[in-house]
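Let's take a walk through a protein model together. Keep the picture open beside the text and look up each spot as we reach it.

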Amino acid sequence: MGVKKKKQTQVTSLTICHPDLETLRPLADVEGKNLASLLLRCVQLTDGVSQIHYVKQIVPLLEKANKNGMCDPTVRSCLDILAGIYLSLNLKNPLKKVLASSLNGLPEFFLSEAIQSFTSRLQEELNTTDLYSYRKVIDNLSSCMENFDLGRTSVNNLLENVLHFLQKSLIEISEENRKLAGNHIVQMQLMNDLLVGIRVSVMLVQKIPGFQRSRLKSSPTWQSMCELLSIFTKFLTDDDLLQTIQSTSGLAVILFIKAMFHPPEKIPDLISSLLLGSADCASVPAWLLDCCGNLCCADVSQSALLFLCQGALTMLDWQDGRMGPSREALLLDTVHVLFTLSSQIKESTLEMFLSRILVCWTNSAIHVLESSSPSLKDSLNGNSSIVRRLLEYVYTHWEHPLDALRHQTKIIFRNILQMHQLTIEEPKKSDLATDHFILELTESLLRLEWHSKGKYTCLGCLVEYIGIEHILALAKTVPSQILEVMGDQSLVPYASDLLETMFKNHKSRLKSQAVDNTWIDKWHETWVSPLLFILCEGNLDQKSYVIDYYLPKLLNCNPDSLSYMVKILQTSADAKTGSYDSRGSLGALMACLRTARAHGHLQSATDAWRDLVSSERIKQGLIHQHCQVRIDTLGLLCESNRSTEIVSTEEMQWIQFFITYNLNSQSPGVRQQICSLLKKLFCRIQESSQVLYKLEQSKSKHEPENELTRQHPSVSLEQYKNFMSSICSSLFEALFPGSSYPTRFSALTILGSVADVFPVPEGHVQTVYQLSHDIDVGRFQTLMACLTGTFEEVKILAFDLLMKLPKTVVQFQDSEKLQGLFQAALELSTSTKPYDCVTASYLLNFLIWKNALPSSLSPHLKTQRVACGDGDKSAAVVENNTLMIIKCLLENLEEEISQAENSLLQAAASFPMYGRVHCITGALRKLSLNSLQLVSEWRPVVEKLIVMSYRLSAVVSPVIQSSSPEGLIPMDTDAESASRLQTILNEIQPRDTNDYFNQAKILKECDSFDLEDLNASMPSIDASTEIKGKEGKTCDVTAQMVLVCCWRSMKEVALLLGSLCQLLPMQPVPGPSDGLLTVEQVKEIGAYFKQHLLQSRHRGAFELAYTGFVKLTEILNRHCWHLNLRKVKWIY
C-alpha cells in the first residue's frame, strides 16, 4: 500500500501598504539587526511559509531591546505597522494566528505602545463606510477576541465604537439584503455577513469585561445594546432570513437580556413568561418592552419560540445556583413548550433544530439534577409524564429519514437513562437492572420487532448502563435473534454494532467476576456458537454480512476464539464439506481463517498451517464445488495485514495448485476476485523481496534472529523467482489455441498484473522477477494469436500486455517478418468478418508504438523526422509511424471507394470499407493530437480523411436511408414480399450500375481479384453472370450482406468524424496556427450529421451517427460563441 502524500498548506504572504513601506525603509539599520530590518526582509518575501519564520523572531528581538530599558521611535513605528499587518490579513490565513500568538508574548514594557497602536488602527477600521468592507472589519473583531490579549484589550477600549459599528453594519446589510430580493447569490453572501455579525456580537458580550461596567441606562453603551437587542428580535421573527440567522439571533436575545436584566434571580421568571406567552406588559421593564415588544405582547411564531428555547438552554447558567429556585420551573416550562412545538412542527429543518434543542434540554436537566435538586426528582424520574413524553418522541423519531435526527434520539435516550439514575435513591443505584422503570423499558424494547432500527440503538444504551447479563436473563437467544436478521443489508450496521457492544460488555463483566479462565467457555457458547451456526447453515446474504461485519469485530475482541472456531469446524468439516450450492463447514472454516489473517490474528502463516489447518484442508478448499469457498481459501493465502510478510513455500505450492484448476470460471465476478487476490499476492512478493534484498545486504554486518524468514534471504528470493516463472508458464499454457474465453480472460489479466507489479527496473532498484525474461518466440506468438479472437476484451488484454513488454521482447526484427505482419493487418482490415478489422487495428497500433513498421512504408512520409530532445523522441517516433499508417490506409481506402462507386455488390463481398476506417480511427485515438510536431503533413491528411468520409457516406447512404427492413433478401417469392422488395430495390437501384438489385447473384472465389478485369466485365453482368471473388468458397451475396457493409461503414464514418472533432486542435481563424481543423470544416461536419440524422432509417446507423454528433458538440462547447450558436441552429 502506498503512503498518501501529505497535502502542503498554502499560506498567502503578508503585504503592507505603500506608506508603511516608506516609513519602514529609513528605520532599518545598516547591520540589519533591528526590528525594522526584520520586518522589511519579511515583507519582501513572497512565500507565506517563510514569512512565518520571520514573524516568530519578533518577540525574541524585542526581548533583547527591552534590556536597554527604552522604547525608541523605531520600535513604536514597527508596532504600529505590525498592527496594520495583523488587521490586513485574512481571517483564515495562518500568518494571522502566528502573529497573534507571537504578540501574546510581547514584553510588558512594550504593551502600552502596542495597545495604543492596535487601538488606533482598529479605530480606523471601524470608521469604514463601505458596506461590502464590513465583513472584513467584523472578521477582524472576531480574531481580536479569539486568544489574542492585545486585540481583546483594544476592543474593550473601543467598546462603544464597536457596538455602534455592529449596530450600523447589521442594519445596513439587512436593508441591502431586502433591496436585492431575488438575487440569490448576493443575498446568500449578505446573509452570511449578517450571521457572522450576530456571532461577533454574542462573542463580545461573553469575552469583553467592559459590559460589567455598563449598568447606567443613560450610557451610550447601554443605548447601543438596546438597539442591538431590537435588531436581534427583528431577525428572530423574520422568516425570510436563513434559519441559522434566526437561531443565532435567539441566542443573542437571551444573552443580551441576561447581561442587561437585574437582578439575575428574576431572569428565569421573565424567560418563562416569554416562552409561555404570559408576559405582563405592565410588569416588564420599559427598555425591554421597547426592544422585545413583539416577544412580550404578540403571538410568537413557532420558529421564534423554538429558538428562544434554544437560547435559554444554551445561554443561561444551569450548573450553578445563581438563577435561584426559579430555574427548575423554567426548565419544566421549556420542555412543555418543546413538546407542544413537536406536535406542530412539520418542516424537516425545524424538526432537526427541535431534536438538538431537546438534547440540550436533557443535558441541562442532568446538570440541575447533579446539583442536588430534590424537587426535580419526582418530575424527571422514569415514571414521570415528562420522561414518558421524551420516550414517545424517541420512539416516533428513531427511524426518521434524517440520519442526524436519528442520532439525536440516541443521545436523548441515553440522557433519559442518566436522568433516571440521578433520581434514584442511593441504595438502589447499585442494581439498576432491578429498577421497575428499567425492567419495564427493557422488556418493551425486547418485545419490538427486530426490523425496527431504533431498537438496536436503545438496546445498546441499555447494555452500557445495566450490563448484558440482565438482558440475557430476559431473552437468552438475543444473539441468535440478531444474527438472524443480518440477511437484511439495511439492518446489518445496526445489528453488528449492537452485537459488538454486547459481547464486549459480556467479556469485561465475566472476566471481572471469574477467578480463572473458565469464563471463556460461557462467552463462546453465547457469542461464537450462534456465529458458527449461521456460517454453516445460514443463507448467502447472512453469511456474507456476518463475515464482513460481525466476525472481524468478534476476533478483534478476543483473537483466541479463532482456535475454538477452527476446532469446532474441523470436527464437522468431514461430514459437511458442502456442495455446489452450499459452503458447508469447510466454507465456514476458510472464511474464519481468511478474516483472521486479513486482520492480523494469524501472526505466522507457517505456524497457522501446521497448528490450525492441514494441507489437505487447504487443497480441498481450493477446488471446492462452491466458488465462494475457493475464493475464501485463495484469499486466505493471498491476503495479509502486513504487505511485507514473506510468502511461504507451502503457500506458493497451493497457489500453483489453484491456478491449475480455476482459470476457466464461468462467473465474471469470480474471475475478477481471483485476479484481484493474485495481484495482492504479487504485491506481497514484490514488497517482501525488497525486505529480503536489504537483509541479504546486511547479513555480512550482523545476523540477528530473523523473524521474517527462517531461511537465508537468497534462498527465499530464488524461490520467489522460480514461483513466478512457474506461474507465468502455467498461464501461457492456458492460452492454447481453442481455449475458452474465461480461461483467456483470466490468464491475460493475471499476466497483466505480473507486468504491472514487476516493472522493468530503473536505476539501482532490484526486482525479483521480470516477465520479459520468460517471453520467447512461442509465447510472443501466443499473445499475437490472442489478438485474432472474436472477443474484444481478450484483444484489449493481449494488446495491453504486449504494450507493457519492452521492445527487446519483440521477436520480429527482420524486415521480411515485419512486412508479413503488416501485410496480414492490411488483409484483415478488408475482411468481411467485422471482428477481423478490430484485430487489424490492434496489430497496426502495436507496430506503431513498438516502432516495428516495415521499411517499405517510409515513402509515405515526405519530411524527415523533426528535431527533438530525448524526452520527446518516443512521441515523435509514434507520430511518424501513425502518419505513415494513416496515409497507407487512405490510399487503399480511396481505391476501394472508387470501386464501390461502380459496384457496391463487389465492395460488400470482397472489400468492405469499414475496416479501413476503423483502423484509421483506432490509430488516431491512441495518439496525443494536441502536441503534434508534423503539423504541415497532418493538415492535408486530415482534409483528405474528411473528403474520403463524405465519399464513403455518399456510396452507402442510399441503402441506409431506404425503407428496406433488415434481413429482407432478394429470394422472397411470395407476391406480397416481392411487391415490397421491388419498392425497396427501386429506391436503391440508382446508386448501382450493375443490375445487382434486379435479382440475387452468386460469387465464386478464386485466388486473386483483378480490378481491371472487373471493370471490363461489369457492363455485361446479368442474371447468369458470376462475379469473381477473392476467396475459395462460393457464397450467396444477399441484400443483408450489403446492408451490413453499409451500416458498418456509416458507423465508422460517424465515429471517425466525431473523433476528429473531439481530438484534433481547432484552427479558430484563417492563417498560421497549430490547429488542424478549420471552423468551416467543423460546420460542414455538423451539417453532414444533421442531414444524416434526419434521413437515416436504419436504427443502428442512426444511433452511431448520434454518438458522433455528440462528440462534435463537445468541442463546440469549448470554443467560440458563434459555433455554439451553430449548434442551436442544427437542433432547431
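Is Gln 310 buried or exposed? This is a predicted model, and in it Gln 310 has a relative accessible area of 15%. Anything under 20% counts as buried, so Gln 310 is buried. You can find Gln 310 in helix H16, which covers residues 302-315. Setting aside neighbours within four places in sequence, Gln 310 is in contact with Ser 247, Leu 251 and Ile 357.

Now step back and look at the whole chain. It has 51 helices and five strands. Of its 1132 residues, 52% count as buried. Consider next the contacts between residues with a separation of 6 or more: 75% of them join residues 24 or more positions apart.

What about the nonpolar residues in the interior? In soluble globular proteins, nonpolar side chains tend to be buried together. Here the largest nonpolar core holds 349 residues, and the members that touch the most others are Trp 361 and Leu 771. Take a look around Trp 361: leaving out neighbours within four places in sequence, its contacts include Leu 313, Leu 331, Val 335, Leu 338 and Met 419. Thr 334 is also one of the residues in contact with Trp 361.

The axes of helix H28 (residues 540-557) and helix H30 (residues 584-598) come within 10 Å and cross at roughly 65°. The crossing of H28 with H30 is right-handed. On the H28 side, look for Ile 547, Leu 551, Pro 552 and Leu 555; they meet Ala 591, Cys 592, Thr 595 and Ala 596 of H30. In this contact of H28 with H30, seven residues are nonpolar, one is polar and none is charged.

Asn 845 sits in helix H41 (residues 834-849), and it counts as buried because its relative accessibility is 3%. Apart from residues up to four places away in sequence, Asn 845 touches Phe 799, Gly 922, Ala 923 and Lys 926. Cys 919 is 74 residues from Asn 845 along the chain, yet their C-alpha atoms are separated by 8.6 Å. Pro 73, in helix H5 (residues 73-88), is exposed because its relative accessible area is 54%.

Most residues other than glycine have a negative phi, and most peptide bonds are trans. Asn 147 is not a glycine, but its phi is positive, at about 55°. Asn 147 is placed in the loop between helix H8 (134-144) and helix H9 (149-157), and it counts as exposed because its relative accessibility is 56%. Another loop, between helix H13 (243-260) and helix H14 (267-276), contains Pro 263. The peptide bond from His 262 to Pro 263 is cis, with omega near 0°.

Finally, which residues does the "coiled-coil region" annotation cover? According to the unreviewed UniProt entry, they are residues 883-910.

Terms used
Residues are numbered from 1 along each chain as its sequence is written. This is a predicted model: local features need pLDDT of at least 70, side-chain atom pairs count only at pLDDT 80 or more; totals for chains, interfaces and linings use all residues. Side-chain values use heavy atoms; hydrogens and water are left out. Helices (H or I, at least four residues) and strands (E, at least two) are DSSP runs, numbered from the N terminus. Buried means under 20% relative accessible area, exposed over 50%, partly exposed in between (1.4 Å probe, protein chains only). UniProt positions are given in the numbering used here, feature names are shortened, and annotations may be inferred rather than shown by experiment. A nonpolar core is a set of buried Ala, Val, Leu, Ile, Met, Phe, Trp, Tyr and Cys residues joined through side-chain atoms within 4.5 Å. Contact means heavy atoms within 4.5 Å. Axes are lines fitted to C-alpha atoms, for helices over the stretch in contact, and angles run from 0 to 180 degrees between N-to-C directions. A crossing is left-handed if the near helix is turned anticlockwise from the far one by less than a right angle, and right-handed if clockwise. Ala, Val, Leu, Ile, Met, Phe, Trp, Tyr, Cys and Pro count as nonpolar, Asp, Glu, Lys and Arg as charged, and the others, Gly among them, as polar.
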